[in-house]
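Here is a short briefing to read alongside the model. Take a look at the sequence and the structure first, and then we can walk through them together.

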Amino acid sequence: MTDKNGEYKSPKSPYENMKYLWKVDDEDWVAERKEQWRQLTKTICKSCSAKRLKAHGKFFITGEETPVTQDGSIDTVTKFILTPFTNSTEANELYQLITHPQAKSRILSEFMAHISRIAPEMPWLRAHVLNFIEGVLGNEYQLIKINTGRREHIISPDPTAVCEGFTKAALKLMQNEQTYNYSVDTVSYFISALPYADRPKFRKYIRLQGMLDEADKIMQKPGVHSELVQDLARQLKEREDEIWKNWKTLEHLDQSQ
Amino acid sequence: MAYQLAAWIQCNDQQQAELIKQLLERDTRPCFVEDVPAHHQALFELLDQIEYPAETTLDQDRLWLFWYMADYFGFDELTTLLDRLELTALFIFEVPDDPLVGDSYEDEDEASGRFWMLDKGVYVRVNRTTVTDKFPDSIVERLPE
């Protein structure tokens with residue numbers, strides 16, 4: 001589809017309907033957003049061309065999308081993260097407007113790890129994660145299918161990858177490599193995904209023992225670590241039996257490896 | 001579009017060379033025009049259109065710039081920019097497109113790059129030897145084989 005100037009224009013960009021989230025008439029909001037962008041450029045889109053980085057900045061501050069033909073394409077997951085939703089309802093509204101199964105699937109699978117990588121210093125990092133959990137992902141792992149009319153697509157994240165990603169993230173947080181990541185807020189989701197972690201080749205990368213050992217160490221030295229780290233360690237230790245029980249659901253898969 | 005593009009640029013003084021380097025590199029390029037002092041804003045607006053170089057090296061009042069796989073930026077765009085900056089390149093090197101993606105070249109010289117030097121205000125094609133004989137090893141050794 002082209003606009004009146006003959007430039008490519010996405011026919012159904014969900015972000016056009018979400019423009020109200022960008023408070024572009026509010027000078028203070030824009031100034032704060034610009035200041036955040038100055039920080040974000042240190043972590044986002046590190047190998048981007050100058051044009052692409054500029055397109056990211058324009059989207060972050062104004063919500064305006066650069067036509068793809070001008071090398072302004074922004075990754076689906078990044079775009080979702082850069083949208084200034086402020087509650088779970090807005091996060092859900094945006095997610096519902098995205099209709100492509102692959103895009104929905106990528107958002108569900110990659111949002112958590114990606115946001116910790118690209119926006120580690122943003123003041124809205126944890127709020128974004130919590131709004132995403134409440135409005136989009138949920139607290140329990142579930143198989144999500146959507147029907148496009150032509151065929152059915154499974155869009156839920158791969159449970160083995162969810163568990164592998166969680167243990168890595170939890171270790172990063174407990175070993176102070178990050179000051180915050182999603183692991184502290186997704187313990188329930190992780191535990192509920194464990195019984196479905198069915199890819200034998202990748203189960204060995206789910207580092208349950210290492211993660212629980214680290215949690216043990218932290219519990220033995222209260223006050224040394226941040227509140228977040230202590231909270232994560234406490235959650236893991238409190239639910240250790242449940243973690244092992246869910247893990248053992250598919251333990252027979254490990255014997256064939 | 002250039003697969004590889006390099007230029008050895010003569011600036012007016014070291015201060016200008018440092019400023020151009022700062023405004024071009026990804027890690028130091030300001031995000032917004034208002035982040036730049038008023039007297040440098042025009043320069044910033046010109047350079048902000050340019051792709052990040054893969055390599056920049058300062059040698060007093062000269063600046064070595066190298067771009068790798070620079071979409072939308074090649075010899076023509078570079079010389080237009082230099083004209084607008086009222087600067088000249090001592091030489092320019094370009095491999096105009098990715099030779100791995102199927103473009104064919106008429107001869108081997110073409111595939112290994114083209115060289116230009118300024119002659120009476122115009123950039124004229126020269127061969128590699130002309131450049132390697134004229135410029136110091138510290139610059140020549142940076143050129144891709």
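Which span should the 13 residues of helix α2 (residues 50–62) of chain A have at 1.5 Å a residue? The answer is 18 Å, and the end C-alpha atoms of helix α2 are 18 Å apart, which agrees; the expected span is 1.5 Å times one less than the number of residues.

This is a predicted model, in which local features need pLDDT of at least 70 and side-chain atom pairs count only at pLDDT 80 or more, while totals for chains, interfaces and linings use all residues. Residues are numbered from 1 along each chain as its sequence is written, and chains are lettered from A and ligands numbered from 1 in the order in which they are written.

**Helix α2 of chain A**
- Helices here are DSSP runs (H or I, at least four residues), numbered from the N terminus.
- The buried residues of α2(A) include A:L53, A:H56, A:F59 and A:F60; buried stands for 20 or more other C-beta atoms within 10 Å of a residue's own, with C-beta atoms placed from the backbone.
- Those buried residues of α2(A) pack against α1 (27–40) and α3 (76–81) of chain A.
- Just after α2(A) comes A:G63, with a positive phi of about 80°.

**Two domains in chain A**
- Domain 1 (1–140) and domain 2 (158–257) make up the division of chain A, with bounds from an automatic or database domain assignment.
- Their C-alpha centres lie 29 Å apart.
- Contact between them involves 13 residues of domain 1 and 11 residues of domain 2; two residues are in contact if their C-beta atoms, placed from the backbone, lie within 7 Å.
- On the side of domain 1 that touches domain 2, α5 (101–118) and α6 (125–137) of chain A each supply at least two residues.
- The largest share of that side, six residues, belongs to α6(A).
- By class, that side has eight nonpolar, three polar and two charged residues; Ala, Val, Leu, Ile, Met, Phe, Trp, Tyr, Cys and Pro count as nonpolar, Asp, Glu, Lys and Arg as charged, and the others, Gly among them, as polar.

**Where chain A touches chain B**
- Eight residues from chain A and six residues from chain B take part in the contact.
- On the chain A side, α1 and α2 each supply at least two residues, and α1(A) gives the most, with three residues.

**A:E110**
- A:E110 sits in helix α5 of chain A.
- A:E110 counts as buried because it has 20 C-beta neighbours inside 10 Å.
- Along the chain A:E110 and A:T76 are 34 residues apart, and their C-alpha atoms are separated by 9.9 Å.

Note on methods: Buried ≥ 20, exposed ≤ 12 C-beta atoms within 10 Å, placed from the backbone.
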